[in-house]
Structure formats: structure tokens, C-alpha cells
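Dear colleague,

I am passing on the structure we spoke about, and I would be glad if you could look through it alongside the notes below.

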Amino acid sequence: MIERLQNKDIKVSEKIRSVFHASYKIEAELLKAVDFPPLKRPLESYVNSETAFFGYIKNEELAGVVEITHNNNFTHINSLVVSPFFFRQGVARKLMEFVFNNYDSELFVVETGLDNGPATALYKKFDFKEVKQWDTNHGVRKIKFERRINN
């Protein structure tokens, strides 16, 4: 089941941060990143965020989270994370399907580390196309994907 997470509630944000941290710890290893900014995101940034958080609940646990910014021009998938306990169980796929079914946009945008094979494969499976690559100041090569919907 996927539901909107009330991130203004500190207990909810603690759960969100816990899933983000566990997932980003694995991503940092994949990217061979020593200094990985997503692991430093403070609890306050979740609580005070104006983005929308949606959680996939499985067996009464928060298995995955997608963080969305939506405006008239596009939908940005800021983050999509899955708890390592729920890897390879279709959680990320279900969250992606949720985004496409619930956001009416002509353009969807997402970024990840170039060497994050699972994320890159997921986005390509959903017809995202690479539009840009660049090096960050913390030593990670990033890739930006876009998916255009022609209505």
C-alpha cells in the first residue's frame, strides 16, 4: 500500500530518514563515495520540507519512499529509496508506477549516481532517457534522466 507520509510529524520524519539513510548508505558504497551529502541530511530538512513524501508500506513497515516536487512544468522525483530489507521485491517499481498514475505531467525528471546500476536500470525500464552527466564537487558522477509524455 502506498500512502502520503505526513513529514511535518517528527516521528514520521524519523522513519523517512531511517529508510533514506539505510538506502543511501548502500548507494554510497555502489558509487564508492567517501563524502556523500544525502547521508548528512538532517532530520529538520525532512520535517520542514515542502516536497511530497509517499511511502510504500509492506508488512506494516516503511519499505520505500519517493519524494516528489511537482509544478506546472514538470514532476521531479527528488529521491526514491528502498529499505535494504525490501530490495528486489518490486517496491521501487510500484513507487514509480504510483508517480506516473498520480501526477499529470508532460515531463518527469530524476537524477542518480552514474554507477548506481539498480536505479539507472529502473529509470530506463520506465522509458527515461539520459539528458546529462556531470561530476559533483564530492567526487560522484551524476546522471540526469527525463521522461516526456506526449498527450
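What follows describes the overall fold and then some of the charged pairs.

Please keep in mind throughout that this is a predicted model. The chain contains four helices and seven strands, and, read from the N terminus, these elements follow one another in the order β-α-α-β-β-β-α-β-α-β-β. The radius of gyration is 15 Å, close to the 15 Å that the globule rule gives for 151 residues, so the chain is as compact as a globular protein of that length. Along the principal axes, the C-alpha atoms fill a box of roughly 40 × 40 × 30 Å.

When contacts between residues at least 6 apart in sequence are considered, 60% of them join residues that are at least 24 apart.

Turning to charge, the chain carries 22 positive and 20 negative side chains, and the centres of these two sets lie 3 Å apart. Side chains of opposite charge can pair when their charged atoms come close, and the structure holds seven salt bridges, of which I describe some here.

One of the salt bridges joins lysine 8 to glutamate 50, with 3.3 Å between the closest N and O atoms. Lysine 8 sits in the loop between strand S1 (2-5) and helix H1 (10-30), whereas glutamate 50 sits in the loop between helix H2 (43-47) and strand S2 (52-58), so this pair ties together parts that are 42 residues apart in sequence. Lysine 8 is partly exposed, at a relative accessible area of 48%, while glutamate 50 is exposed, at 71%.

Another salt bridge is formed by the side chains of glutamate 67 and arginine 41, at 3.0 Å from N to O. Because glutamate 67 belongs to strand S3 (residues 61-70) and arginine 41 to the loop between H1 and H2, the pair ties together parts that are 26 residues apart in sequence. Glutamate 67 is buried, with a relative accessible area of 4%, whereas arginine 41, at 22% relative accessibility, counts as partly exposed.

A further salt bridge links glutamate 97 with arginine 93, their closest N and O atoms being 3.3 Å apart. Both residues lie in helix H3 (residues 91-102), where glutamate 97 and arginine 93 are four residues apart, about one turn of the helix. Glutamate 97 is partly exposed at 32% relative accessibility, and arginine 93 is partly exposed at 34%.

Definitions and conventions. Residues numbered from 1 in each chain as written. Predicted model: local features only at pLDDT ≥ 70, side-chain atom pairs only at ≥ 80, totals over all residues. Heavy atoms only, no water. Helix = DSSP H or I, 4+ residues; strand = E, 2+ residues; numbered from the N terminus. Rg over C-alpha atoms; globule rule 2.2 N^0.38 Å. Contact = heavy atoms within 4.5 Å. Lys, Arg positive; Asp, Glu negative; His and termini not counted. Charge placed at Lys NZ, Arg CZ, Asp CG, Glu CD. Salt bridge = Lys/Arg side-chain N within 4 Å of Asp/Glu carboxyl O. Buried < 20%, exposed > 50% of the residue type's maximum accessible area, 1.4 Å probe, protein only.
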